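Let's take a friendly walk through this fold, starting with its sheet and ending with a single residue. Have a look at the picture before reading on.

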Amino acid sequence: KSTILNLISGLLKPTTGEILIHGEPITGPGCDRGMIFQQYSSFPHLTVRDNILFGLRMNQKKLHLTADQRTERVEKLIQEVGLAGHERKYPHQLSGGQRQRVAIARTLALEPRILLMDEPFSALDEPTRLEMQALLVKLWYRVQPTVFCVTHSIMEAVYLGQRVWILTHAPGQIAYDIRDCIPPSQDVSPLVAQERDDFLNASRIVTEAFR
């Protein structure tokens with residue numbers, strides 16, 4: 001599953017065949033694709049604000065954003081992901097949940113067309129994980145990227161996804177493609193969603209397919 005994400009991101013090259021985005025082959029990493037890793041991946045020597053600003057600075061010619069526009073976008077994201085008041089802190093001063101908020105904000109700052117997430121919440125405690133899930137859904141509805149999220153949690157897959165793929169053992173192939181039963185999750189917290197009949201029904205279907 002991680003290999004699929006790395007191929008889409010351009011970090012790996014396929015040994016056979018090719019991967020296309022809107023008909024164009026992937027030749028390497030690009031700012032149209034963003035990756036959020038399982039491990040905390042912020043630059044340790046940069047503050048929260050500078051971590052989120054980093055990609056915008058690196059791609060400023062391609063994005064055609066002025067310094068004021070870059071700053072405005074960063075400040076908006078800091079508010080949206082709940083990091084207001086922590087802008088000048090360094091990663092070692094943050095909790096695990098806050099570090100993942102930085103990673104989400106840093107990736108979304110570029111407004112990528114494709115967002116790749118490799119078990120981004122697996123290292124978090126359950127309350128923080130649920131909070132991050134709700135945050136991701138909220139930001140997804142605003143930015144509207146295509147999201148590929150690897151998870152081993154059925155509940156998380158049903159809550160975050162509009163479509164659930166279940167892969168076989170190596171060599172990985174798509175064994176099930178489940179979509180019609182997945183309920184929408186906009187403006188619904190994970191705890192509330194998990195008590196709804198449509199959510200429970202979708203979870204049962206995914207669980208049976210997984211078995």
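## The sheet

Two strands are said to pair if DSSP finds at least two bridges between them. This is a predicted model, and in it three strands form an open sheet in the order S3-S4-S5, with parallel pairing. S3 and S5 are the edge strands, each pairing on one side only. From one strand to the next, the twist averages 15 degrees.

Between S4 and S5, the parallel pairing runs over five bridges. Leu 115 stands opposite Val 147 in S5. Helix H5, residues 96-108, packs on the sheet and touches S3 and S4. The direction of H5 makes about 175 degrees with that of S3.

## Helix H1

Helix H1 covers residues 2-9, and its buried residues are Leu 5, Leu 7, Ile 8 and Ser 9. What covers them includes strands S3 (33-36), S4 (114-118) and S5 (146-150). After H1 comes Gly 10, with a positive phi near 90 degrees.

## A look at Asp 118

Beyond its neighbours within four places in sequence, Asp 118 is in contact with Ser 2, Leu 5, Ile 36, Phe 37, Gln 38 and Val 150. With Ser 2 there is also a side-chain polar contact of 2.7 Å. Asp 50, by comparison, lies 68 residues from Asp 118 in sequence and 23 Å away in space, C-alpha to C-alpha.

Definitions and conventions
Residues numbered from 1 in each chain as written. Predicted model: local features only at pLDDT ≥ 70, side-chain atom pairs only at ≥ 80, totals over all residues. Heavy atoms only, no water. Buried < 20%, exposed > 50% of the residue type's maximum accessible area, 1.4 Å probe, protein only. Helix = DSSP H or I, 4+ residues; strand = E, 2+ residues; numbered from the N terminus. Contact = heavy atoms within 4.5 Å. Polar contact = N/O pair within 3.5 Å; in protein donor to acceptor, adjacent residues only side chain to side chain. Axes fitted to C-alpha atoms, helices over the stretch in contact; angles between N-to-C directions.
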